[in-house]
Amino acid sequence: MAKIQAIRGMNDLLPQQSPVWQYFENHVKKVLSLYGYNEIRMPVVEKTELFKRSIGEVTDIVEKEMYTFDDRNGDSLTLRPEGTACCVRAAEQHGLLYNQTQKLWYAGPMFRYERPQKGRYRQFHQIGVECFGFKGPDIDAELIMMTARLWKNLGLMDYVCLEINTLGLPEERLAFKNELVRYLVQFESELDEDSKRRLTSNPLRILDSKNLRTQEILDGAPKLSDFLQEESRGDFENLLSLLDFAEIPYKVNTRLVRGLDYYSKTVFEWVTDALGAQGTVCAGGRYDGLVAQMGGKSTPGVGFAMGVERLVLMLEELSLIPSEVHQQVDVYVVAAGEGTLQKAFKLSEELRDAGGYKVLQNTGGGSFKSQMKKADKSGAKIALILGEQEVQDNTVVIKPLFGDAKQVSIQHIDLINELNNFLQ
Ligand code: ATP
Ligand code: MG
């Protein structure tokens, strides 16, 4: 019978890779806690309507990327393609937005039907942050500073670049959109196919086009910045000066519009050229209209999401993972001979009690030689060896598995002290 394989674009995370993910996730959690953010966990499946209403009907996600199916009772459900809509739904449903502010984060899988390639999968993982009840732009600056701290801690700062823009208020954007369309229709036949379609469905996304001729045409187009009124302009200038003050370099990219409908004012992306085409590792922005658009009381919101696979890939490709990350075991306990197993268990538990030691005790039996082979393969720094003689004499042999140090036989009672010398 043919063996069943995983679904294309949905990956297993294998044991040799998971330490790197844990390393990354631990760094993120550490930084989030330094800024006082709280975790929220939402379901992976939501009503389809939630995403249609929040993300927008004429976006890539809703038009062609969602995993949508009917529940057994006929309700249309969707595997979440992103977390913001779910987070707003949950916060609103549980009264977290009523007369209070929130700084929240979540982590987990997202699902989009895309063409799988390096850095782009159908099940991928995001760590996202959403803040509610803050008008900004101070909180916008805090979010960016928090991500910058993470890149610094991970050694990534030299390889990422912050692109930032403001989309203004909805009425400013509408005025701009009308002028943009008026300008672009003159060149309609020269635009790329996607942009032609977007001319009527979602003209702002044309600014995103990678097509060279379309880009050239856009050079002469009206600029959104010319349509901004005092408030939007002032907020953006304040944000940039906070970033200057924090010494975070950025590039204002007036063509950065982001894929989703719900953004207003600040949008930003951290991009890298270390990954080829899939260069955006973290993206976000302000969405002051979203909560009201979803039926709640008008509440400002701002957030970002980072792509875990892309950041892990970066850490791997740039060799930024400390070797200890792969060190899953300190000590391998070998027990060969009559009566040695009980003693081995006792000794392993003692080491774990003493705190800090990662102990892999041989299980499944085997000769002394085969156990030593397993010890070598385990990556442990030392083997502790118990034979019949050792059990009788209350001793244990410490055998270093790396370097030139000689093996020693010591009294059981001295073990912890001696181990510390070996594991420095
Ligand atoms: P892209 O332009 O690369 O399609 P996006 O604008 O659709 O990205 P967002 O919805 O802003 O992405 O999601 C935030 C982050 O999640 C992205 O910057 C990226 O790092 C990651 N991401 C998005 N889609 C995928 C995917 N299919 N596979 C892996 N990571 C993804
Ligand atoms: Mg996308």
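This briefing walks through helices, a pocket, cysteines, some single residues and a few backbone details of one structure. The model is predicted, so local features need pLDDT of at least 70 and side-chain atom pairs count only at pLDDT 80 or more, while totals for chains, interfaces and linings use all residues. Residues are numbered from 1 along each chain as its sequence is written, chains are lettered from A and ligands numbered from 1 in the order in which they are written, and side-chain values use heavy atoms, with hydrogens and water left out.

**Two helices**

Helices are DSSP runs of H or I with at least four residues, strands are runs of E with at least two, and both are numbered from the N terminus.

- Helix α1 covers residues 18-34, and its 17 residues should span 24 Å at 1.5 Å a residue, which agrees with the 24 Å between its end C-alpha atoms. The expected span is 1.5 Å times one less than the number of residues.
- The buried residues of α1 are Pro19, Val20, Trp21, Tyr23, Phe24, Val28, Val31 and Leu32. Buried means under 20% relative accessible area, exposed means over 50%, and partly exposed lies in between, with a 1.4 Å probe and protein chains only.
- Those buried residues of α1 pack against β5 (102-111), β6 (123-132), α5 (138-154), β11 (301-307) and α11 (308-317). Contact means heavy atoms within 4.5 Å.
- After α1 comes glycine 36, with a positive phi near 75 degrees.
- Among the buried residues of α5 are Ile139, Leu143, Met146, Trp151 and Leu154.
- Just after α5, glycine 155 has a positive phi of about 80 degrees.

**The second largest pocket**

A pocket is found on a 1 Å grid over the protein atoms alone: a cavity is a set of points where a 1.4 Å probe fits but cannot get out, whereas a pocket is an open set with protein on both sides within 12 Å along at least five of seven lines, and lining residues have an atom within 4 Å of a point.

- The second largest pocket holds about 440 Å³ of space. Grid points are joined across faces, edges and corners, and the volume is the space filled by probe spheres set on the points.
- It is lined by 23 residues, of which Arg173, Leu204, Asp261, Tyr262 and Tyr263 are the closest to its centre.
- Two or more lining residues come from each of α6 (170-184) and α10 (290-293), and α6 gives the largest share, 4 residues.
- By class, the lining has 10 nonpolar, 7 polar and 6 charged residues. Here Ala, Val, Leu, Ile, Met, Phe, Trp, Tyr, Cys and Pro count as nonpolar, Asp, Glu, Lys and Arg as charged, and the others, Gly among them, as polar.

**Cysteines**

- The count of disulfides is 0, where a disulfide is a pair of cysteine sulfur atoms within 2.5 Å.
- Cysteine 131 has its closest cysteine sulfur in cysteine 87, 9.5 Å away, which is too far for a bond. Cysteine 131 is buried, at 0% relative accessibility.
- For cysteine 282, the closest cysteine sulfur is in cysteine 131, 12 Å away and again too far for a bond. Cysteine 282 is buried at 1%.
- Cysteine 161 sits in strand β7 (residues 161-166) and is partly exposed, at 32%.

**Single residues and their surroundings**

The contacts below leave out neighbours within four places in sequence.

- Serine 348, in helix α12 (residues 340-354), is buried at 0% and contacts Val333, Val359 and Gln361.
- Glycine 307, in strand β11, is buried at 16% and touches His125 and Val281. Its C-alpha is 6.9 Å from that of isoleucine 127, 180 residues away in sequence.
- Glutamate 46, in strand β2 (residues 45-47), is buried at 7% and touches Phe51, Leu77, Thr78, Cys86 and Arg89.

**Backbone details**

Most residues other than glycine have a negative phi, and most peptide bonds are trans.

- Glycine 136 and proline 137 are joined by a cis peptide bond, with omega about 5 degrees. Proline 137 lies in the loop between β6 and α5.
- Glutamate 247 has a positive phi near 60 degrees and is exposed, at 69%.
- Asparagine 394 has a positive phi near 60 degrees and is partly exposed, at 41%.
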